[in-house]
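Me: I'd like to learn how to read a few features of a protein model, one at a time. Could you take me through this one?

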Amino acid sequence: MAKINPSSLLVVVLLLLWGLAAAMGESKEMYRNPKLPIWVRIFDLMRRMSIAEKIGQMTQIDRATATPDIMKEYSIGSVISGGGSVPRLQATAQEWIQMVNDFQHGSLSSRLGIPMIYGIDAIHGNNNVYKATIFPHNVGLGATRDPELVRKIGAATALEVRATGITSVFAPSIAVCRDPRWGQCYESYSEDPKIVQAMTEIIPGLQGDIPANSRKGVPYLAGKGVSTVMVAYSSFNGVKMHANYQLITQLLKNALNFRVTDLEKLPVMIPFKYREFIDTLTDLVKKKVIPMSRIDDAVRRILRVKFTMGLFENPLADLSFIGHLGSQAHIDLAREAVRKSLVLLKNGENADPPLLPLPKKADKILVVGTHANNLGYQCGGWTMTWQGLEGNNLTTGTTILSAISAAIDPRTQVVHKENPDSEFVKSGKFSYAIVVVGEKPYAEGYGDDLNLTIPEPGPTTITNVCTNIKCVVVIISGRPLLIQPYLPFMEAVVAAWLPGSEGRGVADVLFGDYGFTGKLPHTWFKTVEQLPMNYGDAHYDPLFPLGFGLTTKAVVAE
């Protein structure tokens, strides 16, 4: 028997399909039939699409730019809420759903009725949304070394995103931060690729398990089921990632059999200048600078996601998930994540008894520092806005000061002063002090820092307090900071990273309801002159190595 060439067979199948479609007429819209295979639906829809509609599907615009009329006129493929892009301040879940559905109605009223995808930056929970649970940033989750916990956080985040009518998230970041001077380091789980790989368990939490008996590559990447990839702005060996044929086409699309790619900038994310993008790309296609095959390839991948998601059958959001937004179960999960993320760097020295866990019963304790009573600071960047906020009115949650006050014995007096002088500390007859200092919120390039010092008045507060009474210093930061000069007079030191909305997780461990278990996800340097410095480097001489973390046992309640 003669052998059949698979490529010839494919051509025959496509020609038969084309003939069938022509025979059925334009009125038989096979792409709307959920009983047909997805590839058939994609083929049928694409043969009906104009160049303008295809380029529209490749375009993603910001919520602030979108209107139902624009969605209809340009056949816009997707809309995004970037950091701080909200219907209004403190918008309810119902208002989010109404907004998303308004845009979707615009898309559905277009000539072909192709539904749009709405995406949001859910970096550590549904962090744009008022009253959502704010989980620790990735750097803290990396300190937990607990992939199953991270999976649960992904599932909780998915429910809170769906509670607002949104079906797509720009998360997680799987960057491997090798230099803490980089402003996105807190979005990285670790400097160790193996730890980052383990933490990708958040993906099936966000997206669900891979369907049974799926063929290789469906869903779409490396066994984790991720449907879209955002290509980084960075360069690799001097080649911009968007232009890196070897990594994007040969590795991601061919070797890993990745089906759908969200190539930021070109072709998808054009938040505000979408008309310029559409006009420019259309002109380049007409001049044959960009081949039509490249456009079809991109659109085919975008449509595959939409069909796989079931958007054509269920394009509109409803209120069924609203109860999950900021639910008690998710708050408890965030509190657990905070507990497990804390890394104990120092707890007494030599013959000195350990300071931690702290006694709940004491005459009077002192709580100080810029970050003790500031929910915005402890949440960090990507919280309500891109760069984050300060203060306690941004969303719901518990500050570390409030958590301390709730955890101690009712008869213990708590004195809070943000930056006391030495005389106040010496004359106060305090049993001990809790100092909470660190970085102010930032995101991406705004956080690039060559010095990595604790901002003032943090060092002054540490000096004034810890040179006079026993103290534990809790550092709120997205990365290791310079602490070596102050280490001799800090009795205990805790790296709390950016814990999010549930400050009670910090108090749980400080007072011994739970033990310290966290391990450093990044090397803690002595001086910035050592950087970059990572585990395994020839010049590796850290203050605390990757994986370091003292442990304590929980105190049995009296």
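This is a predicted model: local features need pLDDT of at least 70, side-chain atom pairs count only at pLDDT 80 or more; totals for chains, interfaces and linings use all residues.

Me: How many cavities of 30 Å³ or more does a search of the whole structure find?

Reply: Rolling a probe the size of a water molecule over the atoms shows where empty space is left. Here the search turns up four cavities of that size.

Me: Which residues lie nearest the centre of the largest cavity?

Reply: Those are Ala122, Ile123, His124, Asn138 and Ile202, out of 16 lining residues. Helix 6 (138-144), helix 7 (147-162) and helix 9 (202-207) each give at least two residues to this lining. By class, the lining has 10 nonpolar residues, five polar and one charged.

Me: And what lines the second largest cavity?

Reply: Its lining includes Cys177, Arg178, Asp179, Pro180 and Glu191, as well as Pro480, His522 and Leu531. Six of the lining residues are nonpolar, three polar and three charged. Hold on to Leu531, one of those lining residues, for the next topic.

Me: Let's turn to the backbone. Which peptide bonds are cis?

Reply: Most residues other than glycine have a negative phi, and most peptide bonds are trans. Proline 532 sits in the segment after helix 18 (504-510). Another runs from glutamate 456 to proline 457, where omega is near 10°. Proline 457 belongs to the loop between strand 10 (432-438) and helix 17 (458-466).

Me: Where does asparagine 237 lie, and is it buried or exposed?

Reply: Asparagine 237 has a positive phi, near 55°, in a residue other than glycine. You will find asparagine 237 in the loop between strand 5 (235-236) and strand 6 (239-240). Asparagine 237 counts as exposed because its relative accessibility is 72%, and the cut-off for exposed is over 50%.

Me: What about methionine 384: buried or exposed?

Reply: Methionine 384 also has a positive phi, about 70°, although it is not a glycine. Its relative accessibility is 9%, so methionine 384 counts as buried; the limit for that is under 20%. Methionine 384 lies in the loop between helix 14 (375-379) and helix 15 (400-407). Threonine 398 is also placed in the loop between helix 14 and helix 15, and it is buried at 18%. Among the residues that threonine 398 touches are Leu375, Gln378, Ala403 and Arg504.

Me: Last topic, sheets. What order do the strands of the open four-stranded sheet have?

Reply: Strands of a sheet pair through backbone hydrogen bonds, either parallel or antiparallel. In this sheet the order is 1-2-3-4, and the pairing is parallel. Strand 1 (60-62) and strand 4 (168-169) are at the edges with a single partner strand each, so one side of each has no neighbour in the sheet. Strand 1 pairs with strand 2 (78-81) over three bridges, and isoleucine 61 stands opposite valine 79 of strand 2.

Me: Which helix lies across strand 2 and strand 3?

Reply: Helix 5 (93-108) does, running at about 140° to strand 3 (117-120).

Technical notes
Residues are numbered from 1 along each chain as its sequence is written. Side-chain values use heavy atoms; hydrogens and water are left out. On a 1 Å grid over the protein atoms alone, a cavity is a set of points where a 1.4 Å probe fits but cannot get out, and a pocket is an open set with protein on both sides within 12 Å along at least five of seven lines; lining residues have an atom within 4 Å of a point. Grid points are joined across faces, edges and corners, and a volume is the space filled by probe spheres set on the points. Ala, Val, Leu, Ile, Met, Phe, Trp, Tyr, Cys and Pro count as nonpolar, Asp, Glu, Lys and Arg as charged, and the others, Gly among them, as polar. Buried means under 20% relative accessible area, exposed over 50%, partly exposed in between (1.4 Å probe, protein chains only). Two strands pair if DSSP finds at least two bridges between them. Contact means heavy atoms within 4.5 Å. Axes are lines fitted to C-alpha atoms, for helices over the stretch in contact, and angles run from 0 to 180 degrees between N-to-C directions. Lists of a residue's contacts leave out its neighbours within four places in sequence.
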